[in-house]
Amino acid sequence: MQLGNLKKTADMRSAYGETLVELGKEIPDLVCVGADTTDSLKTKKFGDKYPDRLLNLGIAEANLVSVAAGLAIAGKLVFASTYAAFLPGRCLDQIRNAICYPNLNVKLVVSHAGLTVGADGASHQQNEDFSVMRAIPNMKVLAPGDAVAVKHLTKLVARSQGPFYMRLARPSSEVIYSDENAEFAIGKGNLISEGNDATIMSCGLMVQRSIEAARVLIDKERISCRVIDMFSIKPIDHDMIYNAAKQTGVIVTAEEHNVIGGLGSAVSESCSERYPVLVRRIGVKDTFGESARDDEIEELLIRYGLTSGEIVKAVVEARRASK
Amino acid sequence: MLRVYAITLGQYLEMSLKMRYLNLKTKIRDIRMLAIVGIAEAGSGHPGASFSAAEIMGSLYFRIMKHDPLHPEWPERDYFVNSKAHSAPGYYATLSIAGYFHPDEMGSLRKLGSRLQGHPVRYSDFQKDQSVPGVEYSGGSEGIGLSVAVGIAIANKMDGKKNHVYVLIGDGESDEGQIWEAAMAASKFKLDNITAILDRNRIQQDGFTEEIMPLDPVKDKWAAFNWHTEEVKGHNVEEIIEALYKTNQLKDRPSIIIANTVKGNGIKHMTNNPQWHGKAPPRKHTPLLLEELENECLIAPSIIAGEPENYEDKIRKAERGGADMIHLDIMDGKFVPNTTMKAETIKKLRRVTSLPFDAHLMIEKPIRHIDRFIDARCDIITVHAETCSENEFVEIAEKLLRHGISPGMAINPSTDLPPWFYSHLDKIDVLIVMSVNPGFSGQQFLPEVLQKMTQIDRKLTENRFKGYIEADGGIDSRTLQQVYDAGAKIVVAGNAVYGSSDIHGAIIQLKLKANIALEKRLLNRSTNLDIRQDWIKARRHVLIPLASELGIEEELNATR
């Protein structure tokens, strides 16, 4: 895997908005719906280009999701976007009954997921979405790790049938992938770097922290880590998990999500059924978050244990425990 | 592909827009019958909601909507979103009668492995085994369907399509906040291609809506959300259809039709009773329930009776009293000695009421005059067997069918049913058996007609005649029971209504007599089925006010 320049940052939402504009040209049936957050989600860019194809439904998420279902019934490819805090929880019923049950072509792309939304506090810090969305039949769940991944996955999602849930983060993040070489497939993990002593599987903003952790582990601990971007949480790459378990012996997962029900759970489930090894989960430890200013985000993540240092610790301990 | 659809559109215009009044009535009756069979077989389901919405669904599928059971995905079709999805049995029955699947399948309702899930599932390649063609929307969770309908309507507008979206919502369902989110969105986007119909039956699971969560003033609420509002009697297909035609023409605003309905309408002991929101009747009651549905008695006051002229006033009074249709006696002074109204008079009367006009032509050479009565927008037109040959009658009947008018034939007391009648049963909606010699109102009922009627009824039933027998002549509250028992399901009442000083009271009296006649019939049937005591118990509150008339006071006391 050819890595991008980790020092360069880009924001996921702009990548999303720009990709939609691009797709809008190719796919005349593509429609975006928003709930008073189109500026923030950058779907406004799409609306500027295609004014008749962006619908702002106001602060009414249940309606947003169900109108999206109606549009899909009448043949549209629908991207419904607002903040992560307000879709999976508030609209679980509508997502389940109006979209997933009839398996409609609605793509829920949300932003401001996880703790890193920052100053708005716990009400807005969506840490349970993977868990809830993953449990609904027909739904697929994605968590891209950088702006390049967002671009690729938005296109992939547009071309795949059925409902998707894809979550973006609010802050700009370091670019992991180089545009030219990146390849993504639904249900596959991306191998970022090879290693034999342990595997780190992560998604979203934690991918970049996993890469950092792997560097520290090889430099300081002489532990060679396999790093995998598990952007596709459902369906998940069972083969990659099996091989990692068999070849590297321990797995550490890292996600900006509650340790219950998210990537860590998905990996543990797969691993325990196919090739049981020790799996340690880095994530929010079943608690609510709190406010932090933008310049305090790193400190917030330290407080909740979402750092490369925690990953390093987990790998070392897991290896020790499994001996 | 387009050509196929173009032909289908033509067929649809032929079949669906032009569906006759009595044919529609029969189809709606069949919806209820099929729904109750399904619910009774399943042992669970929602009879109340299925019955309150039967006329709404029937009017949509058999009169208003562009749709094609042979091509459920026809792109130009109108959409129906059944947001109050617990009315599933009635919805499935409607789809089945419309031709989307075989009625026998209703027996699988709510069972394991059935395509008829408890709440309907959108039919698609993904869910062929859990759904039937024609279902557009997966319902079950209340409050969502209107939003989905809004989405469909927006998409249709984007595509410049002319099709319409109809969405049925419930009044209990209207407790959901999302209904009002959708209401705002529909007016924001000026969705004149959407019509919501509120099944206002005033009952939800726990009790009466105005006690659980008051919804009134519901019309003002919708008006405040900038919707065009109409209010109709929800079991009156004429009013429903008129409102739907009207709202389809409006521009720039969504419309809602508030249909005041009665939960459980059709089965008297289920009517307006919260207990029957989600309960199945015992299977052994099914034959009796079907019998009740099949034997509704319609009262058609004849406005030439009583004081001459002032027809408008007579129609209004009949409507207020609860008449089912208006009987118009047209006499030409030739076939009968008297002369009454002309087609021009009927045309003027048409604006007074939406009740169906049951025109009875007692005229010579009806084939020469039929166009004027078609033009006057009569709903049923009956001509006398004595006035036309078989060929002429067939020509008249086919013409009426093309215009969506129910064809009828009448026979005088001394006339036998012409043998060729049986060759054209599919073209006839009503047979008037005269119980006086026509020509004047106020004549004495001829009892010898009863035997003739009974024989005809038996023979028509054997020949699977789907239409109605109508009794006309000298019928009052004493003779009503007799003609009803002899097989008449439409009863013309002239002097019995307009000869009375209390027209309203007279109609109520006739309806009461029709009720008693029905209850007697059902009691007799229950005896034959050996469930009389059980039936009396289930129907207790319906029977109590009629106890002495039916002579069942002691039996009622015994079931207490």
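One term before the details: two strands are said to pair if DSSP finds at least two bridges between them. This is a predicted model, and that applies to everything I say today.

On that definition, strand S8 of chain B, residues 298-301, pairs with strand S15 of chain B, residues 490-493. The sense is parallel, and there are four bridges. Within that pairing, B:Leu298 stands opposite B:Ile490 of S15(B).

What about the faces of S8(B), covered or open? Both are covered. B:Leu298 and B:Ala300 are buried on one side, and B:Ile299 and B:Pro301 are buried on the other. As a reminder, side chains in a regular strand alternate between the two faces of the sheet.

Now chain B as a whole. It contains 23 helices and 15 strands. Its radius of gyration is 24 Å, and the globule rule gives 24 Å for 560 residues, so chain B is as compact as a globular protein of that length. Along the principal axes, the C-alpha trace spans about 65 × 60 × 45 Å. Of the 560 residues, 52% count as buried. If you take the contacts in chain B with a separation of 6 or more, 72% of them join residues 24 or more positions apart.

Next, the domains of chain B. The assignment gives three: domain 1 is 2-290, domain 2 is 296-517 and domain 3 is 529-558. The C-alpha centres of domain 1 and domain 2 of chain B are 32 Å apart. Their contact takes eleven residues from domain 1 and 15 residues from domain 2. On the domain 1 side, H2 and helix H10 (237-249) of chain B each supply at least two residues. H2(B) gives the most to that side, with four residues. By class, the domain 1 side has four nonpolar, two polar and five charged residues.

Staying in chain B, look at helix H4, residues 54-64. How many of its eleven residues are buried? Eleven of the eleven are, so H4(B) is largely enclosed by the rest of the structure. The buried residues include B:Glu55 and B:Arg63, as well as B:Ile56, B:Leu60 and B:Phe62.

Why does B:Gly90 count as buried? Because B:Gly90 has 32 C-beta neighbours inside 10 Å, and the cut-off for buried is 20 or more. Setting aside neighbours within four places in sequence, B:Gly90 is in contact with B:Ile31, B:Ala35, B:Ser50, B:Phe51, B:Ala53, B:Ala54 and B:Met57. B:Ala54 and B:Met57 are among the buried residues of H4(B).

Over to chain A. It is divided into domain 1, residues 9-174, and domain 2, residues 190-321. The centres of these domains, taken over C-alpha atoms, are separated by 25 Å. In the contact, 26 residues of domain 1 of chain A meet 32 residues of domain 2 of chain A. On the domain 1 side, the elements that give two or more residues are helix H6 (129-134), strand S6 (140-142), helix H7 (147-159) and strand S8 (173-174) of chain A. That side divides into twelve nonpolar, nine polar and five charged residues.

Then the contact between the chains. There are 23 residues from chain B and 23 residues from chain A. On the chain B side, helix H6 (145-158) and helix H7 (177-188) of chain B each supply at least two residues. H6(B) provides the largest share of that side, ten residues. The chain B side has eleven nonpolar, nine polar and three charged residues.

Last, the core. The largest nonpolar core has 281 residues, and those touching the most other members are A:Val65, A:Ala68, A:Ile200, B:Val150 and B:Val491. Which helix of chain B gives the most to this core? Helix H2 of chain B, residues 21-42, does, with 13 residues. Taking A:Ile200 as one example, and not counting residues up to four places away in sequence, its contacts include A:Ala213, A:Cys225, A:Val252, A:Ile311 and A:Val315.

That is the end of my part.

Methods: Residues numbered from 1 in each chain as written. Chains lettered and ligands numbered in written order. Predicted model: local features only at pLDDT ≥ 70, side-chain atom pairs only at ≥ 80, totals over all residues. Contact = placed C-beta atoms within 7 Å. Nonpolar A, V, L, I, M, F, W, Y, C, P; charged D, E, K, R; others polar. Buried ≥ 20, exposed ≤ 12 C-beta atoms within 10 Å, placed from the backbone. Core = buried A, V, L, I, M, F, W, Y, C linked by C-beta atoms within 7 Å. Rg over C-alpha atoms; globule rule 2.2 N^0.38 Å. Domains from an automatic or database assignment.
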